[in-house]
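Please open the model in your viewer and keep the sequence panel at hand.

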Amino acid sequence: MNVSIIGSGYVGTTLAACLAELGHTVTAIDVDESVVDRLNAGDAPIHEPGLADLLAEHAGTRLTATTSYDAVRDTDVTFLALPTPSREDGSIDTGLVEQGTESLGAALREKQGSHLVVVKSTVVPGTTADRVAPLLEETSGKRLGEGIDVAMNPEFLREGHAVSDFLDPDKLVFGAEREGPISTLRELYRPLTERGDVPVVETGLREAEMIKYANNAFLATKISLMNELGNICKEYGVDAYEVADAIGLDDRIGSQFLASGVGWGGSCFPKDVAALVAAADAAGYDAGLLKAAVDVNDQQPRRLLALLDDHGDVAGERVAVLGLAFKPGTDDVRESRAIPVIQGLLDRGADVVGYDPVATDRMRQRFPEIEYADSAAAALRGAHAAVVVTDWDEFAALDEEFEAMARPVVVDGRRIVERRDGLTYEGLTW
């Protein structure tokens, strides 16, 4: 099948590479010429395990990139994979999606035959039917069901695991109001569904939009609940991780997302929870539980810094921040818990040095004034204290590196460092 994808950010690039891997012919469309050039050269614009290999294999053959929307005329399906950033009140800004839809519709005016437009962007219920579809009809001069149609196909890709999540999904969700779009999505994803027993949910547009938000809100709330329990455990000297292991054996709870620590971040959980709260407020419903989940998440970096305060004043002292990405396996620092931690240390007058295996350049854009080390050992050397924010595997292997600290105090927000003799160790929730 010939597929076009508008937007070559995190989701769009992963989608393009993986659909090419499934055997489809893919055209990526982006207004940024530098991104287009990188994709055509097979160069991954983001750090994601497995993505660079797919781009290197398929760029120039099954996968090409362009800045021209006219390319959609040679395709059967177009995905809208454009950002929906948060406004100050938490609601989403659909401006980029609407702009992309208008340009897409204008290009489709000259196309003969049918065309399916699939919203991949995360949008609140009603967006596809009430905003995208009317804009598409207006700009294309066509009617839904008569030459064009729309569908919603939310993504459930974890950063650091996006390629494997796409190629081995927990579920596929197809949202549409007519059978035609559903049938097209079935055919598009057939290479995946034929590989194994992949659950496919076929539903309406609004339900598909809501499933994405419900999925992320549930997981974010689960993490915040475990962090709340971990905070209580800390007060009573209880090992929160042993508690989590035990409750995770209950199949009603499950073992995933039970690691208590410094909280969640990234491009999805904070934005999606905020958008759902804002949508509920607009509808006249107070989403108190979701607001509480956000409050718990916001307090975790402050708790980590308070524990550091218990071990002395860091003003004028070197403090190492280990881990800058919001999670291991990615260079994404959006809503990283390292941001409030670094800011809190700067507010305390600390001399901050940060280290991350891949996210240094991105964090440097946010905090150009702090020092950045090229290894964990260099960050720890001469440090008065260290805080662990991201659980990269390499931090678990640190040992004699702590001996080079001026004062070996470690506050671990991810339980990745082992307690050892000669190290003053403080876990965030245990």
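The stops below cover an annotated set of residues and then the nonpolar cores of this predicted model.

**Annotated positions.** Select Phe156, Leu157, Arg158, Glu159, Lys212, Phe257, Leu258, Ala259, Ser260, Gly261, Gly265 and Lys327, which an unreviewed UniProt entry lists under "binding site". These residues do not all gather at one spot, because they span 172 residues in sequence and the farthest two C-alpha atoms are 24.4 Å apart. From this set, Leu157 and Glu159 belong to the lining of the second largest pocket.

**Leu157.** Leu157 is buried, its relative accessible area being 13%. Beyond its neighbours within four places in sequence, display its contacts with Thr14, Ala162, Asp165 and Phe166.

**Glu159.** Glu159 also sits in the loop between S7 and H6. With a relative accessible area of 5%, Glu159 is buried. Residues up to four places away in sequence aside, Glu159 touches Tyr10, Glu48, Ser267, Phe326, Lys327, Thr330, Asp332 and Arg334.

**Nonpolar cores.** Now select Leu322, Leu345, Met363, Val387 and Phe395, which touch the most other members of the largest nonpolar core, a group of 53 residues. Elements giving two or more residues to this core include helix H12 (288–309), strand S10 (318–322) and helix H13 (338–347). H13 supplies the largest share, five residues. Around Val387, show Leu304, Leu308, Ala320, Val321, Leu322, Val341, Leu345 and Val411, its contacts beyond four places in sequence. Finish at a second, separate core of 42 residues, with Tyr10, Val11, Ala20 and Val198 among them.

Note on methods. Residues numbered from 1 in each chain as written. Predicted model: local features only at pLDDT ≥ 70, side-chain atom pairs only at ≥ 80, totals over all residues. Heavy atoms only, no water. UniProt positions renumbered as here; feature names shortened; annotations may be inferred. 1 Å grid on protein atoms, 1.4 Å probe; cavity = no way out; pocket = protein on both sides within 12 Å on 5 of 7 lines; lining within 4 Å. Buried < 20%, exposed > 50% of the residue type's maximum accessible area, 1.4 Å probe, protein only. Contact = heavy atoms within 4.5 Å. Helix = DSSP H or I, 4+ residues; strand = E, 2+ residues; numbered from the N terminus. Core = buried A, V, L, I, M, F, W, Y, C linked by side-chain atoms within 4.5 Å.
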